[in-house]
Amino acid sequence: MNNAVKKHFIELLFFILLDFFTVSLCAKDFKILDTSNGLPDNTVKCFTQDSRGFMWLGTFNGLCRFDGAEFVIYRHDKNTSNSIVDNHVEALLSVGDSLWVGTERGLNYYSLMENRFYTCSYITETAGEKELNEAIRNILWCGGRIFTLTKSHELLVQKEERIFTVCHYGKKYEWLAIAPYKENLFLAYSTEGLHLIDAQTQAIVSQCLVDKRVDNNCVLYYSKNRDMVYMGAGIGYKGEAFRIDVERHIEQLESFHLSDIKTIIDYQDKVLFGTDGGGVTEMDGNRLFYYTPQNSNISSDAVHSLFVDKENCLWIGTYRGGINFYSPSYDWFHVLSVGNNTLSHNVVTAIYPEKDYLYIGLDGGGLNVYNRKTGETVVYSCQNSTIAGNNILGICGDSENLWLVIYERGLCRFSRTSHTFKTYDFLSLNKRYDANQVWDIRQDQDGNIWILGALVYVFDKREERFITIDGVERASSIVFDGNMVWISSSHSGMGHRTKRILRIERKEYQTY
């Protein structure tokens with residue numbers, strides 16, 4: 001069999017189901033990225049996506065930009081004034097053409113246009129302006145300004161471009177977590193409870209004080225899917241849930257019992273909780289699903305960050321397990337193979353899709369008809385039908401029939417209604433030994449069928465009449481261009497290769 005035939009072979013068949021649906025994580029496969037793929041460290045603390053679509057990741061060993069194929073790593077360089085201030089990155093936020101990067105040694109402003117990091121400063125009550133070199137825990141954008149939370153539990157607000165000042169709300173609070181809420185409002189959790197703050201007036205507009213004091217660093221999240229606020233305080237701590245009504249009254253809910261929460265995010269119509277030691281918990285209505293390395297392919301049970309990008313892809317950052325990436329498009333693809341009893345042979349050479357069926361040509365397995373609704377496959381082969389051969393290399397169709405090219409057997413018509421076959425043997429047209437060596441088929445706008453192979457044939461279905469195109473042998477491809485047809489062909493000789501293109505115009509044949 002020649003190269004023109006071999007290039008059509010594929011070993012596995014993937015196809016897209018047109019019925020889209022939402023499934024639980026247990027039906028999803030994650031793509032895992034770790035140090036073997038170029039990630040500088042397998043602990044990933046945070047994600048963001050910039051205005052150009054690049055993903056940014058904060059790790060224990062540098063800031064990373066990911067373009068879908070490769071990682072670019074940014075690390076501190078003591079010999080360069082415009083490098084990142086520290087390699088341990090805890091928080092990221094993309095705003096316009098810039099990134100705000102929270103590290104263990106302070107806050108950086110990164111300009112995408114300049115490819116440069118800038119340090120930030122803040123104004124103290126006693127010492128004036130000083131470099132902001134405290135460890136950063138979180139960053140958010142609200143009311144046209146940046147807010148950032150430090151490891152020492154201070155909440156800072158942007159006063160000028162890279163200058164911050166301490167937030168004052170009537171008394172000194174020990175802040176543990178911050179999160180965006182609605183419009184110009186954001187949420188802040190302190191050792192005393194949950195507070196709702198107006199970013200423009202810098203005033204607490206509502207609060208819910210709690211009896212149980214939490215001193216650990218927390219995560220706070222407003223779920224639009226459930227219109228609820230969730231707080232997690234990490235390993236060993238029970239989480240909390242709150243509801244805010246239209247009058248901004250905050251109510252703590254006693255029915256929430258999840259613990260060990262490190263990160264929270266809405267995904268599709270559910271809420272995901274990343275836990276320290278329990279993997280990912282998926283909340284779907286009143287049902288909970290738990291996904292760990294024991295019952296899924298997630299790479300770690302310690303999940304420290306969750307992010308949903310602009311394409312609705314889910315990014316999971318783990319402790320020592322790298323990144324777990326999931327795209328909804330993964331659910332569109334299903335495998336047909338001998339192994340799952342959906343194909344009779346694994347060498348697939350032709351596919352013809354229709355609404356409810358896939359017609360699959362196999363090189364050695366005949367014709368398979370796969371029912372998309374039932375998942376069942378009907379097999380037509382030389383062993384159970386009148387099909388002329390099992391090596392089907394091309395398929396096209398019309399409203400009544402399928403047309404198959406079968407290597408060494410010629411053209412075959414398959415009736416959808418009667419499920420019968422009729423064979424057209426090209427040896428009756430041409431006595432050449434390779435007359436039936438055919439490997440591709442196309443239908444033009446007039447309904448004529450073009451068969452490519454050792455020779456090129458045109459078949460008039462109404463008259464059941466063939467024309468052999470002179471001057472072209474071993475055609476490899478064909479393109480219809482209005483009233484012209486372009487055919488490429490290749491023919492091997494003694495140590496050299498020649499190519500021809502045939503143009504057919506108004507029934508006149510010209511070779512170039």
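**Salt bridges in the predicted model**

Modeller: The count comes to 15 salt bridges. The model is a predicted one.

Biologist: How far apart are N and O in the salt bridge of Lys-182 and Asp-227?

Modeller: A salt bridge needs a side-chain nitrogen of Lys or Arg within 4 Å of a carboxyl oxygen of Asp or Glu. Lys-182 and Asp-227 meet this rule through their side chains, with an N to O value of 3.8 Å.

Biologist: Why does Lys-182 count as partly exposed?

Modeller: Partly exposed lies between the buried limit, under 20% relative accessible area, and the exposed limit, over 50%. Lys-182 counts as partly exposed because its relative accessible area is 36%.

Biologist: Where is Arg-413, the salt-bridge partner of Glu-464?

Modeller: The closest N and O atoms of Glu-464 and Arg-413 are 3.4 Å apart. Glu-464 is in the loop between strand 43 (455-460) and strand 44 (465-473). Arg-413 lies 51 residues away, in strand 39 (residues 410-415).

Biologist: Which residues are linked in a network of salt bridges?

Modeller: Here the salt bridges join into a network. Its members are Arg-432, Asp-434, Glu-473 and Arg-474.

Terms used. Residues are numbered from 1 along each chain as its sequence is written. This is a predicted model: local features need pLDDT of at least 70, side-chain atom pairs count only at pLDDT 80 or more; totals for chains, interfaces and linings use all residues. Side-chain values use heavy atoms; hydrogens and water are left out. Buried means under 20% relative accessible area, exposed over 50%, partly exposed in between (1.4 Å probe, protein chains only). Helices (H or I, at least four residues) and strands (E, at least two) are DSSP runs, numbered from the N terminus.
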